[in-house]
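Welcome, and take a moment to look over the model before reading on. We will go from the overall layout to the helices, the cores, the ligand and a pair of single residues.

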Amino acid sequence: MSATIVHGPGEASKGFAEGLGRSLGLDVVGCESKLFPDGEAYVRIPQDRLEGTAVIVHTMARPQDRSLLEVLMLVDAARGLGASRVTVVAPYTAYARQDTRFLSGEPVTVSAVLKSIYAAGASSYFTVEIHKEYSLRHFPGRAYSVRPFTYMARQVGLGRGLLFLAPDMGALSRARELASSLGGDYDYLVKRRDRRTGEISIEPKEINASGREVVIVDDIISTGGTAARAARSLLEAGARSVTVMAAHLLDIPGNVERLIEAGADEVVVANTLPVRSHPRVRIVDVAPRVGDELVRQGVINRINT
Ligand code: R5P
């Protein structure tokens, strides 16, 4: 079963695709891209034919709407070049947090995103740590969210005996997984968000953090408000140190600084999006972890490795 990796525009997609190519021993082709004078996007896969499976690697970074459209265009282009199957690897799925009609009249945007990728011609969809795994049911083909945290923790050398904390109950399984794979404890905080204002509060909860090295684990750092509030309350409760770990660090000015100001020692994130370099941010290349999952799920064979 032959396969070719094709990546979308931008350094983040290129870097991720190259990591995937190295770990799987597959060729990587970059797309050509430009913007027309009116702002419309153009992409081209510079090949005459694609044999077997095409793996389109493109993250839905800002501007998210254009990135999504580029995914759709690349899927269509790959089908046009004769690929028998198209798998999309989108390290970050934009709009995944609009997974419910929180207020009447709202769309379930993640559903529209995933259905459009399937309709363009992709039969499978892989992403990293989607906000809520149940969102994947909206993709009519095979969809998979790769959990990166144990891999990330091992890559940065996190040891045993840590306290892993989810900032809300919905994220508890992330902390539980880390505690069981590394050997440590886990718990969750109680977070509330006002759906209209977006204002977050972390309510006090009995957690014995005194003297502990704590890792706050979440899918995403957006403004940094959630993890900063959590870090502050844990340090006030006597935690020895706080590390913040997330799969996705969004490009929002000041978010890392907010975490550092709140007392976090270090921020550990995956390379699912373009990340500004910062002395306290460690970026883990999770492409090999995604590659393992593509092989395990039978999407492609590993060759030359
Ligand atoms: C929310 O449910 C998510 O899991 C994150 O906790 C949230 O999106 C982080 O946002 P922010 O960094 O703006 O607090």
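The protein chain is assigned two domains, domain 1 (3–147 + 288–296) and domain 2 (150–284), with bounds that come from an automatic or database domain assignment. This is a predicted model, in which local features need pLDDT of at least 70 and side-chain atom pairs count only at pLDDT 80 or more, while totals for chains, interfaces and linings use all residues. Residues are numbered from 1 along each chain as its sequence is written, and side-chain values use heavy atoms, leaving out hydrogens and water.

How far apart are the centres of domain 1 and domain 2? Taken over C-alpha atoms, they are separated by 27 Å. The two domains also meet: 17 residues of domain 1 are in contact with 18 residues of domain 2, where contact means heavy atoms within 4.5 Å.

Now find helix H2, residues 64–80. Helices (H or I, at least four residues) and strands (E, at least two) are DSSP runs, numbered from the N terminus. H2 has 17 residues and reaches 24 Å from its first C-alpha to its last, close to the 24 Å expected at 1.5 Å a residue; the expected span is 1.5 Å times one less than the number of residues. Its buried residues are Ser 67, Leu 68, Glu 70, Val 71, Leu 72, Leu 74, Val 75 and Ala 78. Here buried means under 20% relative accessible area, exposed over 50%, and partly exposed in between (1.4 Å probe, protein chains only). The buried residues of H2 pack against strands S1 (3–7), S4 (41–44), S5 (53–57) and S6 (85–90), and against helix H3 (109–120). Just after H2, Gly 82 takes a positive phi of about 100 degrees.

Thr 109, Val 110, Ser 111, Val 113, Leu 114 and Ile 117 are the buried residues of H3, and what covers them includes H2, S6 and strand S7 (124–128). Just after H3, Gly 121 has a positive phi of about 125 degrees.

Let us turn to the interior. In soluble globular proteins, nonpolar side chains tend to be buried together. A nonpolar core is a set of buried Ala, Val, Leu, Ile, Met, Phe, Trp, Tyr and Cys residues joined through side-chain atoms within 4.5 Å. Which members of the largest nonpolar core, of 38 residues, touch the most other members? They are Leu 20, Val 89 and Leu 294. This core draws at least three residues from each of domain 1 and domain 2. Apart from it lies another core, of 37 residues, among them Val 43, Leu 50, Leu 81 and Ala 90.

Next comes the ligand. Of the 15 residues around it, Asp 218, Asp 219, Thr 223, Gly 224 and Thr 226 come nearest. An N or O atom in the side chain of Asp 218 is 2.5 Å from an oxygen atom of the ligand. For Ser 222, a backbone N or O atom lies 2.8 Å from a ligand oxygen atom.

Finally, is Ser 241 buried or exposed? Ser 241 counts as buried because its relative accessibility is 14%. Arg 160, in the loop between helix H4 (149–155) and strand S9 (162–166), is exposed, with a relative accessible area of 69%.

How values were computed:
Near = heavy atom within 4 Å. Polar contact = N/O pair within 3.5 Å; in protein donor to acceptor, adjacent residues only side chain to side chain.
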